[in-house]
Amino acid sequence: MLPIVKYPHPILRTPAQEISTISDELRTLADEMYATMLAVRGIGLAAPQIGRSLRLIVVDVSKERNQRITLFNPRITTQEGTGEGEEGCLSIPGVSATIKRTASVCASGLNSQGEIHEIKAEGLLAVCLQHEIDHLNGVLFVDHLSRFKRERLLGKYHKLQETNLKNNGTLPTQ
Ligand SMILES: [Zn+2]
């Protein structure tokens, strides 16, 4: 399992590098990211979250955990409507908030074979794709909150981290 980088690590605020060649090393990395994401019961993971500044995301919002999406250099191509839902983040464990997002999106990127892969998404998948692609731009879900709500949520998060450090001497993985 790959270790997940936690807020406020600076890589989470750094725009990730475009991938020029999808090598075997990167395909293996994507496999490891997907296995890590499943192990911590996540629905999406972006490479900066495991400490790599690369434009790579893995997503699976299915209950059966059998609808893996791997996208290299993904971007949102079209957006429509607005919606909101509860969001959390593996890099900011223990807190969540209601976030306003675009309701349906088209995302486009390259799959592991280097072919263009386009996904039309709504609901949870649309939210997840926006959340993960945000990570590639150094944007976190808390950035979509008002300053007041963001500071309150991060205050709660920091307090949780301190309590966990005091109790176990380690940070929680989720
Ligand atoms: Zn996240």
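This is a predicted model: local features need pLDDT of at least 70, side-chain atom pairs count only at pLDDT 80 or more; totals for chains, interfaces and linings use all residues.
Local features required pLDDT of at least 70 and side-chain atom pairs pLDDT 80 or more, whereas totals for chains, interfaces and linings use all residues. Residues are numbered from 1 along each chain as its sequence is written, and side-chain values use heavy atoms, without hydrogens or water.

The protein chain contains 3 helices and 5 strands. Along the principal axes, the C-alpha atoms fill a box of roughly 45 × 35 × 30 Å. Of the 174 residues, 47% are buried (under 20% relative accessible area, with a 1.4 Å probe and protein chains only). Among contacts (heavy atoms within 4.5 Å) with a separation of 6 or more, 63% join residues 24 or more positions apart.

The zinc ion is coordinated by Cys 89 (SG), His 131 (NE2) and His 135 (NE2), at 2.1 to 2.3 Å. Cys 89 lies in the loop between strand E3 (69-88) and strand E4 (96-110), and His 135 in helix H2, so the pair ties together parts 46 residues apart in sequence. Donors are N, O and S atoms within 2.8 Å of the metal (3.2 Å for Na, K and Ca); water is not among the atoms, so sites may look incomplete. The donor spacing is C-x41-H-x3-H. Cys 89 and His 135 are both buried.

An unreviewed UniProt entry places the feature "active site" at Glu 132. UniProt positions follow the numbering used here, feature names are shortened, and annotations may be inferred rather than shown by experiment. Glu 132 lies in helix H2 (residues 123-136). Its relative accessible area is 3%, so Glu 132 is buried. Beyond four places in sequence, Glu 132 touches Gly 44, Leu 45, Ala 46, Gln 49, Ile 57 and Val 59.

Glu 87 is found in strand E3. It counts as buried because its relative accessibility is 5%. Its side chain makes a polar contact of 3.0 Å with that of the zinc ligand His 131. Another, of 2.9 Å, joins the side chains of Glu 87 and Arg 101. A polar contact is a pair of N or O atoms within 3.5 Å; within protein, one must be able to donate a hydrogen and the other to accept it, and residues adjacent in sequence count only if both atoms are side-chain atoms.

Conventions: Helices (H or I, at least four residues) and strands (E, at least two) are DSSP runs, numbered from the N terminus. Buried means under 20% relative accessible area, exposed over 50%, partly exposed in between (1.4 Å probe, protein chains only).
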